[in-house]
Amino acid sequence: MSALAPAQLDDLLAYACALPGASFDVKWGCERVVSIGGKMFLVCGADALSYKAPDEDFLPLSGLPGVRPAPYLARARWIQVRSTEALSLDDLRQGIARSRELALQKLPKAQRAAWA
């Protein structure tokens with residue numbers, strides 16, 4: 001199993017922070033969180049990251065090696081990724097971008113227009 005290295009987590013966090021409208025925060029003492037308009041789309045811990053998946057992709061992704069429903073956020077269709085065994089770094093970047101889009105769609109129309 002190829003666990004996510006701290007450098008990979010940092011790279012994915014930097015990618016998420018560079019997306020239009022993204023803001024960075026530290027929540028719950030140590031979790032690095034990226035949001036848009038106050039809506040989280042990425043949570044990056046010490047050895048894993050979590051993001052929202054489209055409803056239709058949640059179950060298939062959750063069953064992949066190194067991927068599981070995210071603790072406390074599974075009800076909202078978030079997955080937690082602990083390794084690159086099943087998802088490559090490019091797959092993770094695409095997932096993070098899609099998570100941002102899902103969060104963006106929950107914002108009021110005026111805010112969406114600013115970051116679409």
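In strand β6, V81 is the bridge partner of V67. The model is predicted; local features require pLDDT of at least 70 and side-chain atom pairs pLDDT 80 or more, while totals for chains, interfaces and linings use all residues. Residues are numbered from 1 along each chain as its sequence is written, and side-chain values use heavy atoms, with hydrogens and water left out.

V67 belongs to the pairing of β5 (residues 67-69) with β6, which is antiparallel and spans 3 bridges. Strands here are DSSP runs of E with at least two residues, numbered from the N terminus. Two strands count as paired if DSSP finds at least two bridges between them. Strand β6 also pairs with β4 (residues 49-52). This pairing is likewise antiparallel, over 4 bridges. Within it, W78 of β6 lies opposite K52.

Strand β6 covers residues 78-81 and is covered on both faces. W78 and Q80 are buried on one side. I79 and V81 are buried on the other. Buried denotes under 20% relative accessible area, exposed over 50%, and partly exposed the range in between (1.4 Å probe, protein chains only).

The cysteines were examined next. A disulfide is a covalent bond between the sulfur atoms of two cysteines. The criterion is a pair of cysteine sulfur atoms within 2.5 Å. The count is 0 disulfides. C30 is in none; its nearest cysteine sulfur, that of C44, is 11 Å away. C30 counts as exposed because its relative accessibility is 53%. C44 is in no disulfide either, with the sulfur of C17 nearest at 9.1 Å. C44 is buried, at a relative accessible area of 1%.
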